[in-house]
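Have a look at the fold before reading on.

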Amino acid sequence: MTTATDYEAIAVRAGRELEEATAQEVLRWAADTFGKRFCVTSSMEDAVVAHLASTVLPGVDVVFLDTGYHFPETIGTRDAVAATMPVNVITLTPKLTVAEQDAQYGPNLHDRDPDLCCSLRKVEPLNRGLGGYDAWATGLRRDESPSRADTPVVAWDAKRRKVKIAPIARWTQDDVDAYVQANGVLLNPLLWEGYTSIGCSPLSCTAKPGDGEQGRAGRWAGSGKTECGIHL
Ligand code: SF4
């Protein structure tokens, strides 16, 4: 039986050996190593990593966190991915509905304490949902923000005791655009409306970037918060 200590060693070694590998090579390694105990997470901003994973592991689990605050376009993108791609979309939900959270913590927690809101609506559901997996992949890229500049391709996720994989960590936005173009990958339609990063719909959580801004600049703009907590 493979233990967490074994997986930590596997992650450290793969992080070194796969640094220069293509995204498909990284995902092939993940599929060969973890099989069904591997999943991809997607915010449904686009279906790039889900598409890449489906080419090496058809039927791969694609995990989506439905916070209850998503734009309708994001839910529509999730439904389109589930209907048209050879993947198994799994939707995780928080323990509390938005109404229950409002009753317990007061309305608009996202404006008053976004870290707590993200913890309740994103971090806890993901931690619970990843219980059945040994490894998970994300769409993190080094060029997205300073906080993501050192993202490893493969690393040990010590908090969750799982292998964390970022197959497109080395990609640029141009690489993403080229892959989308070449493969007809589904995109969240909000990307055509000026959004460059799409999270929850409250204005305090997702806004269009200002003049001269790009990437994740519109996320929790002006608050000092840059990450929801999943990747910290
Ligand atoms: S992004 Fe905003 S609404 Fe979504 S979980 Fe975090 S604070 Fe709450």
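A nonpolar core here is a set of buried Ala, Val, Leu, Ile, Met, Phe, Trp, Tyr and Cys residues joined through side-chain atoms within 4.5 Å. Buried means under 20% relative accessible area, exposed means over 50%, and partly exposed lies in between, with a 1.4 Å probe and protein chains only. The model is predicted, so to speak of local features takes a pLDDT of at least 70, side-chain atom pairs count only at pLDDT 80 or more, and totals for chains, interfaces and linings use all residues. Residues are numbered from 1 along each chain as its sequence is written, and side-chain values use heavy atoms, with hydrogens and water left out.

Now for the middle of things. The largest nonpolar core has 47 residues, and those touching the most other members are W29, F34, F38, V48, V154, V163 and I165. Helix α2 (residues 23–34) gives this core its largest share, seven residues; helices (H or I, at least four residues) and strands (E, at least two) are DSSP runs, numbered from the N terminus. What does W29 touch, if we skip residues up to four places away in sequence? Its partners are I10, A14, L18, F34, V154, V163 and I165, where contact means heavy atoms within 4.5 Å. There is also a second, separate core of 18 residues, and Y69, L109, C205 and W220 are among them.

Stepping back to the whole chain, you can count eight helices and six strands. Along the sequence they follow the pattern α-α-β-α-β-α-β-α-α-α-β-β-β-α. The C-alpha trace spans about 45 × 40 × 35 Å along its principal axes. Buried residues make up 50% of the 232 residues. Among contacts between residues at least 6 apart in sequence, 68% join residues at least 24 apart.

On to the charges. Side chains of opposite charge can pair when their charged atoms come close. The structure holds 14 salt bridges, each being a side-chain nitrogen of Lys or Arg within 4 Å of a carboxyl oxygen of Asp or Glu. One of them joins R142 and E19 at 3.0 Å, N to O. This pair ties together distant parts of the chain, 123 residues apart: R142 sits in the loop between β4 (135–137) and β5 (154–157), E19 in the loop between α1 (4–17) and α2. R142 is partly exposed, with a relative accessible area of 22%, and E19 is partly exposed too, at 24%.

D79 and R78 also meet in a salt bridge, at 2.9 Å, N to O. In the salt bridge between R160 and D157 (3.0 Å, N to O), R160 and D157 are both buried. Elsewhere, E144, R148, R216 and E227 are linked in a network of salt bridges.

Last stop: K225, in the segment after α8 (173–183). K225 is buried, with a relative accessible area of 10%. Its side chain joins that of D115 in a polar contact of 2.8 Å; such a contact is a pair of N or O atoms within 3.5 Å, where within protein one must be able to donate a hydrogen and the other to accept it, and residues adjacent in sequence count only if both atoms are side-chain atoms. Leaving out residues up to four places away in sequence, K225 touches P114, D115, C118, R219 and W220.
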